[in-house]
Amino acid sequence: MHAKGIVLKIGGSLIDVSKPVLSQISENIPVLIIPGGGPFADFVREAEKDDNTSHWNAILAMDRFGRYLSTFGFRVTKKLSFDDGISIFLPYKILKERDPLPHSWEVTSDSIAAWAASELNAPLILVKSVSADYSETLSASGVIDEFIFSFAEKKGVDVRIANGRVNGEIAFAIEQATRL
C-alpha cells in the first residue's frame with residue numbers, strides 16, 4: 001500500500017535555507033506543506049500574552065511563514081486536502097473553525113502538522129535543523145513540541161524527521177514514507 005500524499009512540516013528554523021529545502025521536494029506524490037512559525041512565532045513568544053492569544057497569533061505566524069515559502073513558486077491553500085503536486089497549507093482559517101488542539105506552548109506547528117496528517121490519514125515528515133530518530137526524548141530536548149508524541153501515537157500517525165540542512169534527507173524520508 002502506498003501513501004496518497006505526504007504531510008511535510010517545514011520548521012521555521014530553516015527560513016535561511018528555504019529555497020534549498022523546497023527544492024528537495026519531488027512532485028511524484030502530492031505534498032501538503034505545513035509551515036512552522038519561525039521568527040514570526042518567536043515574536044509571539046516574546047510578547048508573552050495569555051495562552052489563547054498566543055495560540056492564535058502563533059498560528060497566524062504559520063500563515064505568514066507559509067506566505068514567505070510561497071514566494072519560491074508554490075501555491076497556497078486554506079483547504080486541508082491533497083491537490084496535485086505541492087501545496088502550502090495556511091492553517092489559521094480551518095483551525096479557527098474547528099479548534100481541535102489545546103491552547104498552550106506545548107502545542108506548536110509540530111502538533112498542528114500531526115493533526116493535519118491524522119485528518120488526511122497520511123504520514124508526517126517533520127523537517128528540522130537536526131538529524132534524529134523520532135522518539136519521545138525529542139520533546140524533552142526541545143526538538144519537537146511536548147504534545148505531538150502522545151497525540152501522534154493516539155491517532156496512529158506515522159512520524160519521521162528529516163534534516164533540511166542535509167541535502168537529500170527530505171527526499172529520502174518522502175521515499176520511505178510513500179512505502180507505507
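Asp-83 is partly exposed, with a relative accessible area of 23%.

Before I go on, a word on what we're looking at. This is a predicted model, where local features need pLDDT of at least 70 and side-chain atom pairs count only at pLDDT 80 or more, while totals for chains, interfaces and linings use all residues. Residues are numbered from 1 along each chain as its sequence is written, and side-chain values use heavy atoms, with hydrogens and water left out.

Okay, back to Asp-83. Its side chain meets that of Lys-79 in a salt bridge, at 4.0 Å from N to O. By salt bridge I mean a side-chain nitrogen of Lys or Arg within 4 Å of a carboxyl oxygen of Asp or Glu. The general idea is simple: side chains of opposite charge can pair when their charged atoms come close.

When I say helix or strand, I mean DSSP runs numbered from the N terminus: H or I with at least four residues for helices, E with at least two for strands. Asp-16 is exposed at 54% relative accessible area, and Arg-165 is partly exposed at 40%.

Pro-20 and Arg-165 are 145 residues apart in sequence, and their C-alpha atoms are 8.4 Å apart. You'll find Pro-20 in helix 1, and at 45% relative accessibility Pro-20 counts as partly exposed.

Glu-97 and Lys-93 pair up at 2.9 Å, N to O. Both lie in helix 4 (residues 92–98), 4 residues apart, which is about one turn of the helix. Glu-97 is exposed, with 56% relative accessible area, whereas Lys-93 is partly exposed, with 46%. And some salt bridges share partners: that is how Lys-9, Asp-110 and Lys-128 are joined into one network.

Which residues gather in a patch of negative charge on the surface? They are Asp-50, Asp-51, Glu-106 and Glu-146. A patch is made of residues with over 30% relative accessible area and no salt bridge; like charges are joined within 9 Å, and nonpolar side chains (Val, Leu, Ile, Met, Phe, Trp, Tyr) within 5 Å. Lys and Arg count as positive, Asp and Glu as negative, and His and the chain ends are not counted. The place of a charge is taken as NZ of Lys, CZ of Arg, CG of Asp or CD of Glu.

Asp-51 is in helix 3 (residues 51–70), and at 40% relative accessibility it counts as partly exposed. Asp-51 and Pro-102 are 51 residues apart in sequence but 9.3 Å apart in space, C-alpha to C-alpha.

In helix 7 (residues 148–155), Ile-148, Phe-149, Phe-151 and Ala-152 are buried. They cover an arc of only 165 degrees around the axis, so they're on the same side of helix 7; that arc is taken from the directions from the helix axis to the C-beta atoms.

Buried or exposed for Ala-114? Buried, at 0% relative accessibility.

Last stop, backbone angles. Asp-99 has a positive phi of about 45 degrees although it is not a glycine. Asp-99 lies in the loop between helix 4 and helix 5 (109–120) and is partly exposed, at 37%. Asn-121, also not a glycine, has a positive phi near 55 degrees. Asn-121 is in the loop between helix 5 and strand 5 (124–128), and counts as exposed at 65% relative accessibility.

Methods
Accessible areas come from the Shrake-Rupley method with a 1.4 Å probe; for residues, only the protein chains shown count as cover. Buried means under 20% relative accessible area, exposed over 50%, partly exposed in between (1.4 Å probe, protein chains only).
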